[in-house]
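Have the picture ready as you read.

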Amino acid sequence: MAILTEEKIFNVAEAMVMEKGVKKTKLSDIAKALGVTHAAFYKHYKNKEDLLQQLALKWLNTTSKNLLEWTVPANMDGESALHDWLWQLANTKKELYHNDKRMFYLYTDYLEGTQTLINSHLKQLAEKAEAISGRKGEGQAIMTAFVYFHNPYFAERWDHDDYQELFESVWQLI
């Protein structure tokens, strides 16, 4: 019997989800592709939802890592740093969208339907905005003001000619 690692499981599950879509992907198919029984697979994940949540969370954490670890340059004030970080957030989401639209939509659509995960992610972003800017208690409002630049719902608009101009206009409001 094959030794299962999280990485192996995630790689096979992600490939299957890409091939079949979320709804048609079955745990029994993933288990079979991994060379284990369906029952053995349940030792790692309670159900399909559990696996999908962990897979989506891994993607979210991986794609957000640089944003959440970003530090303010020594010679930069909090407001300028917040501006640069928000612009990096906007460009990170835009790059993810362009690099693999199918995967971007797959994960973001799944995440949008899983409020626990999306709320946790938004809370992390809001806390980071507060830490960068020193604007305690305003992180959620800041993230809401810039929703156009990081929410996948708006992804198809991110290539408009006035994208950066719009970003700067919103920046002036806050």
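To talk about how helices cross, we need axes: these are lines fitted to C-alpha atoms, for helices over the stretch in contact, and angles run from 0 to 180 degrees between N-to-C directions. Helices themselves are DSSP runs (H or I, at least four residues), numbered from the N terminus. This is a predicted model, in which local features need pLDDT of at least 70 and side-chain atom pairs count only at pLDDT 80 or more, while totals for chains, interfaces and linings use all residues. Residues are numbered from 1 along each chain as its sequence is written, and side-chain values use heavy atoms, with hydrogens and water left out.

**Helices that meet**

Start with H5 and helix H6 (residues 101–112), whose axes come within 5 Å and cross at roughly 120°. The two helices are therefore oblique to each other; angles under 35 degrees count as roughly parallel, over 145 as roughly antiparallel, 65 to 115 as roughly perpendicular and the rest as oblique. Which residues of H5 and H6 meet? On the H5 side they are Lys 93, Leu 96, Tyr 97, His 98 and Asn 99, and on the H6 side Lys 101, Phe 104 and Tyr 105, where contact means heavy atoms within 4.5 Å. Sorted by class, this contact has four nonpolar, two polar and two charged residues. Here Ala, Val, Leu, Ile, Met, Phe, Trp, Tyr, Cys and Pro count as nonpolar, Asp, Glu, Lys and Arg as charged, and the others, Gly among them, as polar.

H5 (residues 78–99) also packs against helix H4 (residues 48–69), at an angle of about 145° and with the axes 10 Å apart. From H4, Trp 59, Thr 63, Asn 66 and Leu 67 meet Trp 85, Gln 88, Leu 89, Thr 92 and Leu 96 of H5. This contact holds five nonpolar, four polar and no charged residues.

Lys 8, Ile 9, Val 12, Ala 13, Met 16 and Lys 20 in H1 touch Asp 29, Ile 30, Ala 33 and Leu 34 in H2. The class count is seven nonpolar, no polar and three charged residues.

**Charged partners**

Side chains of opposite charge can pair when their charged atoms come close. How many salt bridges does a search of the whole structure find? It finds six, a salt bridge being a side-chain nitrogen of Lys or Arg within 4 Å of a carboxyl oxygen of Asp or Glu. Here are some of them:

| Pair | Distance, N to O |
|---|---|
| Lys 94 and Asp 159 | 3.9 Å |
| Glu 127 and Lys 123 | 3.8 Å |
| Arg 135 and Glu 138 | 3.0 Å |

Lys 94 lies in helix H5 and Asp 159 in the loop between helix H8 (139–145) and helix H9 (163–173), so this pair ties together parts that are 65 residues apart in sequence. Glu 127 and Lys 123, in contrast, are four residues apart in helix H7 (residues 115–133), separated by about one helical turn.

Is Arg 135 buried or exposed? At 17% relative accessibility, Arg 135 counts as buried (buried means under 20% relative accessible area, exposed over 50%, partly exposed in between, with a 1.4 Å probe and protein chains only). Finally, Glu 79, Arg 135 and Glu 138 are linked in a network of salt bridges.
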